[in-house]
Amino acid sequence: MSYCDISNTDHPMLAYEIALQEALSSVTSSPKIESILLQHSLGRVLANDVKSPMDVPPFSQSAMDGYAFNAADLERFQSLIIIGQSLAGHPFEGEVTQGQCVRIMTGAVLPVGCDSVIMQEEVNVDGKQMTPQVQVSSGQCVRACGNEYQQGELALKKGCLISSRHIALLASLGFQSIDVFNKLTVAIFSTGDELVELGTPIKQGQIYDSNRYSLIAQLEKLNCDVKDYGIIADCPEQIAAAFNIANSDADVVITSGGVSVGDADYTKEVLAKLGNIEFWKIAVKPGKPLAFGYLSDSVFLGLPGNPVSAMVTFDKVAKPVLQKLAGEISSTPLLQAARVSSSLRKRAGRLEFQRGYASTNEFGELIVSSTGSQGSGMVGSMCAANCYIVLPQEQGNVEAGETVLIELFAANLA
Ligand code: AMP
Ligand code: MG
């Protein structure tokens, strides 16, 4: 397939899905592996399938505080004799025979001869006699040995992004250390003579470099090792020098600015000499221009300069590419249907990630409203939002009350 030259305005734009697919299929992932302590593994990517080294639970145990017994006994006995106790970490050593039961606590070993547990709230106890007050069924309130994982069974897949939930499972399986893929090293710089570093007063015509900060923050959330090269002036020699250093230092080089059509944008010229880069005009809003390809030793992503465009193209294009390079299993974004509370302006022709605020009404329905002006330089629209309103390429205006698809920003228990 051929790509669009962004300076050629006659050329049709590339659909977002095609651009993403092209970018993803052209990068291959072969990260090195390191072994790390489990407590340092949050946000890392599993380098191997993890099989359970044991049955889980490792022994049949009680799910309740109560009494352990053999259910068949209750067909013959109204009451059972309490002959001992099984506490968590202190099993009952003997065997339970006909007409007997054992006081048992949650997590304690189910004694030999027992198959069921009745919770203490459902019995009468008189001295050594325990009388169930409710009907029982065989096997109740028991966590059977191996009922979650059997020894050797696959527990987590290679490429799994480790969250607190996965750490809980890995710890329960006894993994003190695990193999993960090495972190990606990502070099980043901003281009533009108008940009000023934080801490410096701005003069007429200047703005603060916000993209580098927002992109570094996104990269850190992805657990990348970030190399920050600061602001590079719009000067071919300085841009070339920065690219050369970044290329030798990092797996991926990300820039913002200088990929749109503009006289002072030297990035394209320099890149044309240094690597094999495509300049795409993607049918997506915000974030139309995007450069993607290879330098001699790194993958290159040139994001648009407008701050919202930079953030959204990072999220929707750069992030999946980085995740693939980091060895992570790909996942498709979770879209949800929501009703818009007011009309949305949209012109057919580009896929739009409008900024929205989603909430549930008193009936549990998902409702979304626009955060207002959607200018690609208005970072406040991102801050007021908790989701994208994802409007398909050919969609036109949306009326209040219509259903749209949204993608929430935050995920709990990450
Ligand atoms: P460009 O893509 O370089 O043509 O820039 C498009 C718009 O984004 C211009 O208004 C730039 O001033 C602005 N811009 C470019 N880079 C940054 C940056 N790092 N931080 C904030 N705004 C930027
Ligand atoms: Mg620029």
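The model is a predicted one.

Helix H6 covers residues 307-325, and helix H3 covers residues 211-221. Their axes come within 10 Å and cross at roughly 30°. Angles under 35 degrees count as roughly parallel, so H3 and H6 are classed as roughly parallel to each other. The crossing of these two helices is right-handed. On the H3 side the contact is made by Asn-211, Ser-214, Leu-215, Gln-218 and Leu-219. H6 contributes Pro-307, Ala-310, Met-311, Phe-314, Asp-315 and Leu-322. By class, the residues of this contact between H3 and H6 are 7 nonpolar, 3 polar and 1 charged.

H6 also meets helix H1, residues 16-26. Here the axes come within 9 Å and cross at roughly 25°, which makes H1 roughly parallel to H6. This crossing, too, is right-handed. From H1, the residues in contact are Tyr-16, Leu-20, Ala-23, Leu-24 and Ser-25. They meet Lys-316, Val-317, Pro-320, Val-321 and Lys-324 of H6. The contact of H1 with H6 divides into 7 nonpolar, 1 polar and 2 charged residues.

Ligand 1 is surrounded by 16 residues, and the closest are Glu-194, Asp-209, Gly-258, Ser-260 and Gly-305. Backbone atoms also approach the ligand. A polar backbone atom of Ser-210 is 3.1 Å from a nitrogen atom of ligand 1. Asn-211, a residue of the H3 contact with H6, has a backbone N or O atom 3.3 Å from a nitrogen atom of the ligand. For Asn-306, a polar backbone atom lies 3.1 Å from an oxygen atom of ligand 1.

Terms used
Residues are numbered from 1 along each chain as its sequence is written. Chains are lettered from A and ligands numbered from 1 in the order in which they are written. This is a predicted model: local features need pLDDT of at least 70, side-chain atom pairs count only at pLDDT 80 or more; totals for chains, interfaces and linings use all residues. Side-chain values use heavy atoms; hydrogens and water are left out. Axes are lines fitted to C-alpha atoms, for helices over the stretch in contact, and angles run from 0 to 180 degrees between N-to-C directions. Helices (H or I, at least four residues) and strands (E, at least two) are DSSP runs, numbered from the N terminus. Angles under 35 degrees count as roughly parallel, over 145 as roughly antiparallel, 65 to 115 as roughly perpendicular and the rest as oblique. A crossing is left-handed if the near helix is turned anticlockwise from the far one by less than a right angle, and right-handed if clockwise. Contact means heavy atoms within 4.5 Å. Ala, Val, Leu, Ile, Met, Phe, Trp, Tyr, Cys and Pro count as nonpolar, Asp, Glu, Lys and Arg as charged, and the others, Gly among them, as polar. A residue is near a molecule or strand if one of its heavy atoms lies within 4 Å of it. A polar contact is a pair of N or O atoms within 3.5 Å; within protein, one must be able to donate a hydrogen and the other to accept it, and residues adjacent in sequence count only if both atoms are side-chain atoms.
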